Each structure stands twice: as structure tokens, then as C-alpha cells.
Amino acid sequence: MTATTTPTRNTLSGMDIENNPIDPQEKSRRWQLILGKDDSDDAIALSRQDQRLADALNALYDCGTSGEGRQAGLGRSAPKVSKWLGDIRQFFPSSVVQVIQKDAFERLGLKQMLMEPEFLNAMQADVHLVADLISLRSVMPEKTISTARQVVQKVVDELMRRLEKRTQEAIRGSINKGKRTHRPRFNDIDWHKTIHANLRHYQADFNTIVPEKLVGYLRQQRRLTDLDEVILCVDQSGSMASSVVYSSIFAAVMASIPSIKTKLVCFDTAIIDLTDELADPVQVLFGVQLGGGTDINQAIAYCEKKIEQPSKTHLILISDLYEGGDEKQLVARVSQLIRQGVNVISLLALSDDGRPSYDDNMAQKFANIGSPVFACTPDQFPDLMATALKREDVLAWAANQDIKTVRGD
């Protein structure tokens, strides 16, 4: 069993999380849960719930006894796997459940189970599961695709709720509390001043005020544009899976903002322009082809043809920069775009997955020609886009966010 799925490491030494001694019987119970079935005379009897927990772990983790030992396995029964998934969700927190699910994919080849609707319905959906579904959809039976779309829709809806408002606020502008308006948006109403201004309209029969005049804050529109254009150019090779999911969500959100034009271009060795699908993020994700090689130069060449006004264009390249095409021509092409006034930003990842793997040499070359190079999380991306659209110093913004960047020579 991996350490991530066991109780805290202190339990192995017989101490609890606060470094206090553990009762011997409780200690024996924990060792049995960690190591599996114990046939020795001094083994304690596990409770029914503990036995379920032990069974859930034994189904996945081969604890390595000598001889034949126990073999991990969940079989090919979707109901059996669904029950197992229900058990681990009951016994472990969400972060651990995701670790166990990942272990199950790697150790037991459970990606085949993603083709069964019962299994999908039992899975704890997250960005990584969406990436798995996207990569497997071409081999899914028809009965499973509809279930997969429902799972993807659920994750998309959750991400939209989390990211949409913040993105729109960051890009559209902020409230200017120094100025007032009598036609405020609902969220911008100053209720204290509105009530004070309408006291004479108090309705005694209804015990309330009927406001005839609203007082609120003037929302300062950042005229970032005369329709500034944002092109998200996203590497859809397998290593960028979670970045593709988040990029698609953000592209859909930005496409709904009238003050900017948004394009979404995904690529590996081929190019897919998903701009016309941005009204439906789920359709966008099902249009992505995860996996394959990488030809960044070809993708940048395609985006270059789509640029109408370089000084009003922001090209966000989301890639680990492992180039399978013409590296020299790629650097020359990006350098030329920057000289023309295109705001080229290179994101090594757009995900919560920690420090990404990337091509250090190519990242250094991009930094040397003036393209900011770093990774950021989905929560940081809205502020990044607001900074970029205002043509402010993106590297200074990254430093304020404590983001490690690749510095030019």
C-alpha cells in the first residue's frame, strides 16, 4: 500500500497525530488495516466497518506476502467496482480518494472500466477524470458516451461556477466607489444610501420602502479594447491534459464577454480550431484530441494567419514547449510576432498539478526574445488575463503572485 492511502506516518510508530501513545489494541487494529489480513493468534477481530475498509484496500493493494500471497484485483464487474468506489469515498477524504482512483488506473488497468456507464456514475469526477474520458471517447461504446458527457458536464458546470464570475470581473473592470450612478447593476447598489434617499416613499401598509431612485457605484469599464483579441493556442499532447480542460473553460467564459474576441486553437501534430464551438464548453472538450506528438511551430503559423491587428492581439501559448517540429523556425516566428506588437505569453501549464515538466532550453529561448514564460493555476489566470489586456508588466504581476518565471539572459 502506498503511504498516501495509509493512516498518518506517526501511526506506524505507535503514536497518534499529536505524538501521544496509542492503545495497544488500537495499534494492532491499525497495523491489520495497513498490512491486510492477519491469521496469527494475537490478531484482533475487525469490526464490520473495518472489514469493509480492509476489503476496499485489499482489492487494490497487493501487500506483498511471500509465496502466492494475495493478488490485487477488482475484476471486470462494473457493479463490484461501483461498490468499491462507494466504499473508498466513505472511508477517505476527497484528496485521498483521487489518489486511490489514480492508483487503481495504474495498477489494475481500470481505464477499460471507463467504458461502462455504471463505473462512470460511481466515479468522483474531477479534471483528471475528464481528461481520461476525452482521451478514450473514440473507443467508447455509444451507450457510454452519453454517460461520459453527463460526467464532463458536471465537472464543467462546477468549474464555470468557480471561475466564471471572477474571470468576467477581472476582465471587464472593477467598481469605482468614488463615483455614483442612479442606474447601478443589482450587485453595485449602495443599499444604505438608496434607503436614505427613499425614506419619503415608506409604505406603512406594507411596512417597507418602495424605492423610486436607486443609488449605486459606477462600474468603471476598462476600455481595454476596441475589441482586443485573445488567441488561446493550447498544446493537446497527453502531458497537457488538465491544462486543455481549464483552457477550454476559460475560452468559453471569455467568449461570452463582448469587449474581447476570443479564439481557441488546439494542436498536437494537427490543428483543431474550436472557436465556433465556444458557446458549448462540453462540445469543445469532446472536440479535443488528447495525445499524439507536438508541432508548436505549425500551430503558431496557423494563429499568425488569424491575427488582424497585432497591437491588439494577445497570443497565449499553453504548452510544455517540447517541440517536435522546427525549433529554429518556431523561435524566429514568435520573435517576429513580438516585434509586430503581439503580446505573446507562454504558459508552461494551466493547472493545479504543481511544478510542470517542460523543455528548459526552449523556455529560455522564449524568455530571451521577450515572451514571459511561467506556469499558473486556474485561480490566477483571470488576473493574468486582466494584466495582459491592460498591457501591464506580466512578469511583475507574476513576481507579486510569487510565481517562478523563466528569466531572459
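This section describes a serine in a loop, the cysteines and the nonpolar cores of a predicted model.

Ser-237 is located in the loop that connects strand S5 (228-235) to helix H9 (241-255). The residue is buried, its relative accessible area being 6%. The side chain of Ser-237 forms a polar contact of 2.8 Å with the side chain of Asp-235.

The cysteines were examined next. Zero disulfides were counted in the model. For Cys-233, the nearest cysteine sulfur belongs to Cys-303 and lies 3.7 Å away; because a disulfide requires sulfur atoms within 2.5 Å, Cys-233 is in no disulfide. Cys-266 likewise takes part in no disulfide, the nearest cysteine sulfur being that of Cys-233 at 8.4 Å. Cys-233 is buried, with a relative accessible area of 0%, and Cys-266 is also buried, at 0% relative accessibility.

The largest nonpolar core comprises 63 residues. Within this core, the members that touch the most others are Leu-232, Leu-264, Leu-347, Phe-374, Phe-381 and Leu-384. When neighbours within four places in sequence are set aside, the contacts of Leu-264 include the residues Leu-232, Val-234, Ala-251, Ile-272, Leu-274, Leu-278 and Val-284. Leu-264 is also in contact with Ser-248, Asp-273 and Thr-275. In soluble globular proteins, nonpolar side chains tend to be buried together.

Key:
Residues numbered from 1 in each chain as written. Predicted model: local features only at pLDDT ≥ 70, side-chain atom pairs only at ≥ 80, totals over all residues. Heavy atoms only, no water. Helix = DSSP H or I, 4+ residues; strand = E, 2+ residues; numbered from the N terminus. Buried < 20%, exposed > 50% of the residue type's maximum accessible area, 1.4 Å probe, protein only. Polar contact = N/O pair within 3.5 Å; in protein donor to acceptor, adjacent residues only side chain to side chain. Core = buried A, V, L, I, M, F, W, Y, C linked by side-chain atoms within 4.5 Å. Contact = heavy atoms within 4.5 Å.
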